[in-house]
Structure formats: C-alpha cells, structure tokens
Amino acid sequence: MFNFWHQQNRRLVGIAEPTTCYTDDAESLLPRNGKELKNETDSKKGSTVRRSLILVFTHFFVAAIAVLLSNMWRIDLDSTCAKHTSHFSPVVKHVDIKYAEVQYNGSFFHEEIYRNDPSPEVDDAWKALGIDYRALRVPESEAQKSGLAKDQVKIRAEHGGGYPGNVEGLHHLHCLNLLRQTSHYNFGYYKKLGQGAFTNNDYIVKSHVTHCMDILRQQLMCTVDTGVLGQVWVDPKGPAPFVDFNTKHTCKNFDAIRRWAEENQLPEVPPKNFLEPPMVGGRIYPETP
C-alpha cells in the first residue's frame, strides 16, 4: 500500500519513474506464466539456430577462400601477364612466354658488340636479333583478335590462307638498328655500302629514320619503365656521383619469341600468285599511310 501511495505522489509532482531492471536472480523470484516461458524458450532456440547458421556460413566462407588461394598459386602468372599487357597475336598464343630477371649492361665505356664501330661482325650481331625476319602467317581464325581487318592483304587459300604479319618487337629492333646506322658516326659507312634502307634516295631514308624514331618514342611511352636509377660514387681521388645504369629488370624470354618468329617465316621467294587480289569494296589507300 505504501508503494502504491508513493508512486502516485511521485506522478503528481512530476517526478519520472526510474527504469525497472531485474537481474536474473530477481526475475527468478517472480512468478511467470506459461506463455512467457514458451516465448523465452523459442527465443533461445532461434538464437541457437542463428548461431549455427553463422558458424556454418563462416566455415563455408573460410573453405572457399582457402580453395581460391590454393588455385591462385597454380595460375600461370607469366601467361596472364603477357595476355594482359600485349595485344592478342599468334605469338601470345603459341609461344610459352616467361618472365625472368635480367641484368642490363648500362656501361658508358664497356661496350657490347651492338655498340661497336660498323663492321660485318657488328651487322651480323644485329641481324641475329631477328631485325630482318620476313612476315609470318596469321591464321584467319586469329586475324580479327590480332587486330587485322578482313580487307587487309591476304594469302591465297591454296598457299595456306591467312594474313601476312610481322612481330612488332622485331620491327622495333629493326628501327633501332636503322637509327644506329644513320647516326653521325656510322652514316658514311652505310651510305657508301648502299644496302638495305640505303638503296633508297635521301628523302625516303630520312622518312624511314623519322618513322622509326617516332615508333620507338611511342613504344617507350606505352611501356614506360617505372624503375629507378640510383647513383654510385666514381673516381677514388675525387669522388663524384654518377647514375648507375646497370639495373635489373623483369623481361620476357626474347629468344623464345625470336626463334618462333624465325621458324614461322613465310617463304623467302613466294609464288607470284601468293596473295589474293584486293577485296571488292575493301580499302585501298591513295598513298602510303
């Protein structure tokens, strides 16, 4: 009775009722009806089911991640990288492209043969890189994926069909060799020799050289090297800093690509009817593109 009167008076004077909070022990002293007990049991069962589902899902998720990580170790990262960083071509499809660490020779004065003065030996070293390889055959089934259009030059079906195409990387080396030959220090030798690009007049030679220079510019920008060049100390008597160009790089297996291009060259002397005539309605450029 006192509690009831006390509560009524607190309401009259505007005093808020304290929030009632029972402990488990206190609740156990209070009588509860069957409905309350059933609700509590159902709630506990629901909580147990939820915990079981979460546990099962967690185990499944962890197992899936483990399988995924296990499969990732088996992925051929070299092949994946080559396909991601290179346009599709028969080279990417048929050559087992691998990457390996390569030490550059960036020496200023310790020259490799490629830097030597003009001579037949130097020219042979450059030619061995594949700079003069003939075109290879791009199968018709791989032409479109390789970036070739249907109205481009095509080989007659009786000679195997497909499209003639050159490996771009070897063309880049061809261009670099031409820049070497036309440098101030080598131009006179090759001009007098009168072979290769130098069978043409000066205007064509100049156009060839500037074409090569700009192709290499675009290639270097496309595949810009993000490595860094440190500096070393030189000259013990008066130490001075000098850039260290002898750096390490992760490179494709060039020799495998070169060998494949060499083995798949088109005939050196193809028959006269080797190529199909231009496609009816196809593009024929009014001048050299």
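I began with confidence: the mean pLDDT of the protein is 86, and 81% of its residues reach 70 or more. pLDDT is the predictor's confidence in each residue, from 0 to 100. Over residues 1-30 the pLDDT is below 50. Beyond near neighbours in sequence, that stretch has seven contacts in the model (contact: heavy atoms within 4.5 Å).

I noted the ground rules. This is a predicted model, in which local features need pLDDT of at least 70 and side-chain atom pairs count only at pLDDT 80 or more, while totals for chains, interfaces and linings use all residues. Residues are numbered from 1 along each chain as its sequence is written, and side-chain values use heavy atoms, with hydrogens and water left out.

**Disulfide**

I looked for cysteine sulfur atoms within 2.5 Å, the cut-off for a disulfide. The count came to one disulfide. Cys-175 is joined to Cys-212, with S to S at 2.3 Å. The angle about the S-S bond is -65 degrees, so I logged the link of Cys-175 and Cys-212 as left-handed. Cys-175 sits in helix α8 (residues 168-181) and Cys-212 in helix α10 (residues 202-222), so the pair ties together parts 37 residues apart in sequence. Helices are DSSP runs (H or I, at least four residues), strands likewise (E, at least two), numbered from the N terminus.

Next I checked burial. Buried means under 20% relative accessible area, exposed over 50%, partly exposed in between (1.4 Å probe, protein chains only). Cys-175 and Cys-212 are both buried. Cys-222 counts as exposed, because its relative accessibility is 62%.

**Asn-177**

I stayed in helix α8, where Asn-177 has its place. Asn-177 counts as buried, at 8% relative accessibility. I found a polar contact of 2.9 Å between the side chains of Asn-177 and Arg-180. The cut-off for that is a pair of N or O atoms within 3.5 Å; within protein, one must be able to donate a hydrogen and the other to accept it, and residues adjacent in sequence count only if both atoms are side-chain atoms. Not counting residues up to four places away in sequence, Asn-177 touches Trp-126 and Ile-131.

**Cores**

I then searched for nonpolar cores: sets of buried Ala, Val, Leu, Ile, Met, Phe, Trp, Tyr and Cys residues joined through side-chain atoms within 4.5 Å. The largest has 15 residues, of which Val-91, Val-95 and Val-167 touch the most other members. β2 (136-138) and α11 (254-263) are the elements giving two or more residues to this core. The largest share, four residues, comes from α11. Leaving aside neighbours within four places in sequence, Val-167 contacts Val-91, Leu-136 and Ala-261. Another core, of nine residues, lies apart; Cys-175, Leu-178, Tyr-190 and Val-209 are among them.
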